Amino acid sequence: MDGKDRFSAEKIDAVYEAIFKRRDIRSFENTDIPDELIQRLLKAAHHAPSVGYMQPWNFIVIRDAKVKAEAKESFLREHNAASEYFEGEKKEKYKSFKLEGIEEAPVNICVTCDPSRFGPHVIGRHSMPETDVYSVCCAVQNIWLAARAEGVGVGWVSILRKASLKDILGMPDHIIPVAYLCVGIPAKFYDKPELELAGWSNRLSLDKLTFSNKWGNAWGLEPVSTADDR
Ligand SMILES: Cc1cc2nc3c(=O)[nH]c(=O)nc-3n(C[C@H](O)[C@H](O)[C@H](O)COP(=O)(O)O)c2cc1C
C-alpha cells in the first residue's frame, strides 16, 4: 500500500537516516558555525506542530562566553547534586560521563515556552495545558533532526536549575525554559547512544512497549526490519 503524495524512496530513506543517525552530542570541534545555518535549524523548529497552532516557542541564541560560563556553573552545581542519587560503582560511572558541551560548543540555544501566547483559549489546550511544552519539544526534535542532516551536532542539557537559567538569560517570570541546547560540529557521531556504549542502559524492545487495543495486550507483530536497525 502506498501513502498519498509519498516521497521518493531516496527521500524516505533520508528521513529515516536522520532519525536513526541523530545523536545527543557533548563533544565538539573547535569550529564555528554560521548564523545562516542556525537560522535554517530555527526555521525547521518553527515549522513544528503546536497545539492550536500556538507556536509557544522563543529561541535565545547564545554565543557570549560569559553567558555560557554562567550556564556551565549552574550545570556543575546540579551535576554535583545529582551524583548523590547514585551509589558505589554506579556513582563513579555517572561522575565519569561527559553530560554537556556548553563552553565547547560555538552556539548554545535556549528554547522556551510562553504559556500565555494567544491568551487563555488555545484550541486543544483546555484539558491538557501541558501541551504547550509538548509543542516546544516537537520544535526541539526538528532542530535535532535538521542539524543531523546538516552534519551538525546538538546536545540537550537538562542538568540545570530552571530558576538559575531564567536569571542568567533574563527571562520574564511567565516564560518556561524547556531546552538548553549545545550546537556545533561534533567530535564524532556515534552509532549508538553514548549511554548504551557505556553500558548504562539499552534500547528497550519496541515489541514489549506496544499494546493492542488495551494496556498490556501484546500486539504480537514480528519486529520490523529497517535499513538501520539501531
Ligand atoms: C529531555 C532530555 C534531556 C536530556 N538531558 C541531557 C543532559 O542533561 N545531559 C546529557 O548528556 N544528555 C541529555 N539528554 C540526552 C540523552 O541522554 C540521550 O538522548 C539518550 O541517552 C539517547 O541518546 P541519543 O540521543 O544519542 O540517541 C537529554 C535528552 C532529552 C530528550
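Visitor: What share of the 230 residues of the protein counts as buried?
Guide: 26% of them count as buried. Keep in mind that this is a predicted model.

Visitor: How many helices and strands does the protein have?
Guide: Eight helices and four strands. From the N terminus on, the order is α-α-β-α-α-β-α-β-α-β-α-α.

Visitor: What fraction of the contacts with a separation of 6 or more comes from residues 24 or more positions apart?
Guide: Those account for 83% of such contacts.

Visitor: Which residues of S4 stand opposite Cys 110 and Gly 153?
Guide: Cys 110 faces Tyr 180 in S4. Gly 153 is opposite Gly 184 in S4.

Visitor: Why is S4 described as largely enclosed?
Guide: Because eight of its nine residues are buried, S4 is largely enclosed by the rest of the structure.

Visitor: Now the core. Which residues touch the most other members of the largest nonpolar core?
Guide: The core has 36 residues, and the ones touching the most other members are Val 111, Ile 143, Ala 147, Val 154, Tyr 180, Leu 181 and Val 183. Elements that each supply at least two core residues include helix H3 (65-83), helix H5 (131-149), strand S2 (107-113) and strand S4 (176-184). As background, nonpolar side chains tend to be buried together in soluble globular proteins.

Visitor: Zoom in on Val 154. What does Val 154 touch, leaving out residues up to four places away in sequence?
Guide: Ile 25, Ile 143, Trp 144, Ala 147, Leu 181 and Val 183.

Visitor: Switching to the ligand. Which residues surround the ligand?
Guide: Arg 23, Asp 24 and Arg 26 are among them, as are Leu 99 and Glu 100. The run Trp 156, Val 157, Ser 158 and Ile 159 is there too. Pro 193 and Leu 195 complete the set.

Visitor: How does that shell divide into nonpolar, polar and charged?
Guide: Six residues of the shell are nonpolar, one is polar and four are charged.

Definitions and conventions:
Residues numbered from 1 in each chain as written. Predicted model: local features only at pLDDT ≥ 70, side-chain atom pairs only at ≥ 80, totals over all residues. Core = buried A, V, L, I, M, F, W, Y, C linked by C-beta atoms within 7 Å. Buried ≥ 20, exposed ≤ 12 C-beta atoms within 10 Å, placed from the backbone. Contact = placed C-beta atoms within 7 Å. Near = placed C-beta within 6 Å. Nonpolar A, V, L, I, M, F, W, Y, C, P; charged D, E, K, R; others polar. Pairing = 2+ DSSP bridges.
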